[in-house]
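Please read the points below alongside the coordinates.

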Amino acid sequence: MSAWAAKRFWKETTVAATEGGFTVALDGRLIKTPAKTPLVVPTRVLAEAMAVEWDAQEEKVDPNTMPFTRMANSAIDKVVPQFAEVADMLAAYGDSDLLCYRATNPEELIARQSALWDPVLDWAESALNVRLIPVAGVIHAPQNPQDLARMTARVHDFSHFQLAAFHDLVSISGSLVLGFAVSEGHLSPEQAWDLSRVDEKWQEEQWGKDDLATEQAAVKRDAFIHAHRFFRHCAV
């Protein structure tokens, strides 16, 4: 039962064990994705997080207030049919990783980027067995194909639920390395978010904050942190 556009019609929201994992039941009726596929997730904790969202709905179901359910829907309806394409797209960030493209001036920004980003690249060398090389400027400089292949294999090892969350960790930050650092537990999502915003913070220090940009950044930060929570809830 897909109830995205419906008014609340149920009284009881429960978590149910089902074939392949866990799901949410509304008055005993199991929910489905918008594509009418059974919404089955791998862990009880993830199903419980979705159940909390469904139970919080009032007169009308509002998907904007249901991030766990929406990401689970995306994993099933969008990632499953094109898993290899999504994995390859995310792995490609490694060849143009945010952490590898450095400012050419001023010296203070160059030093800040080096101090904050180099340790993460060092971690990637020890933990992922890849050595990405930073360059000055924005002109693309290809990375070692063997390193890229190793990172691509790691991305393909994720489950489709993990990949749905990893998509946001990488695409929002602009960094495959930061995505791995969060998913591997090396950095908290808050730390990784701050590292992805070094250039923006520098600009704010020089020219002041832009209210619209600050508001948009807050929305992205929330989505980034939620993606980490979803990824963690996928662990069996």
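1. K36. This residue sits in the loop between β3 and α1. K36 has a positive phi of about 70° although it is not a glycine. At 54% relative accessibility K36 counts as exposed, where exposed means over 50% relative accessible area, buried under 20%, and partly exposed in between, with a 1.4 Å probe and protein chains only.

2. Basis. The model is predicted, so local features need pLDDT of at least 70 and side-chain atom pairs count only at pLDDT 80 or more, while totals for chains, interfaces and linings use all residues. Residues are numbered from 1 along each chain as its sequence is written, and side-chain values use heavy atoms, with hydrogens and water left out.

3. Overall figures. The protein has 10 helices and 5 strands; these are DSSP runs numbered from the N terminus, with helices being H or I of at least four residues and strands E of at least two. The C-alpha trace spans about 60 × 40 × 25 Å along its principal axes. Of the 236 residues, 44% are buried. The accessible surface comes to about 12,000 Å², and 53% of that surface belongs to carbon and sulfur atoms; the areas come from the Shrake-Rupley method with a 1.4 Å probe, and for residues only the protein chains shown count as cover. Among contacts with a separation of 6 or more, 64% are between residues 24 or more positions apart, a contact being heavy atoms within 4.5 Å.

4. The sheet. An open sheet is formed by 3 strands in the order β1-β2-β3, with antiparallel pairing. Two strands are taken to pair if DSSP finds at least two bridges between them. β1 (13-18) and β3 (29-30) are the edge strands, each pairing on one side only. In general, strands of a sheet pair through backbone hydrogen bonds, either parallel or antiparallel.

5. Strand pairs. The antiparallel pairing of β1 with β2 runs over 6 bridges, and T14 has A25 in β2 as its bridge partner. β1 and β2 make a hairpin with 2 residues between them, and G20 in the turn has a positive phi of about 90°. Strand β2 (residues 21-26) pairs with β3 over 2 bridges, again in the antiparallel sense. For L26, the bridge partner in β3 is R29.

6. D27. The loop between β2 and β3 holds D27. Its phi is positive, about 50°, although D27 is not a glycine. D27 counts as partly exposed at 39% relative accessibility.

7. Helix on the sheet. Helix α1 (residues 44-55) lies across β1 and β2 and runs at about 15° to β2. The axes are lines fitted to C-alpha atoms, for helices over the stretch in contact, and angles run from 0 to 180 degrees between N-to-C directions.

8. Buried side of α3. Which residues of helix α3 (residues 83-91) are buried? They are V86, A87, L90 and A91. These four cover an arc of only 130° around the axis, which puts them on the same side of α3; the arc is that of the directions from the helix axis to the C-beta atoms. The buried residues of α3 pack against α5 (145-156), α6 (160-173) and α7 (176-183).

9. Core. The largest nonpolar core has 67 residues, and those with the most contacts inside it are V41, V155, F166, F180 and F230. Such a core is a set of buried Ala, Val, Leu, Ile, Met, Phe, Trp, Tyr and Cys residues joined through side-chain atoms within 4.5 Å. Leaving aside neighbours within four places in sequence, V155 is in contact with F83, A87, L90, A91, L163, F166, L176 and F180.

10. V120. Helix α4 (residues 107-128) contains V120, which is buried with a relative accessible area of 4%. Beyond its neighbours within four places in sequence, V120 is in contact with L99, V177, L178, L187 and L195. V120 and A181 are 61 residues apart in sequence and 7.8 Å apart in space, C-alpha to C-alpha.

11. Remaining local items. The peptide bond from N105 to P106 is cis, with omega near -10°. P106 is in the loop between β4 (101-102) and α4. S171 lies in helix α6 and counts as partly exposed at 27% relative accessibility.
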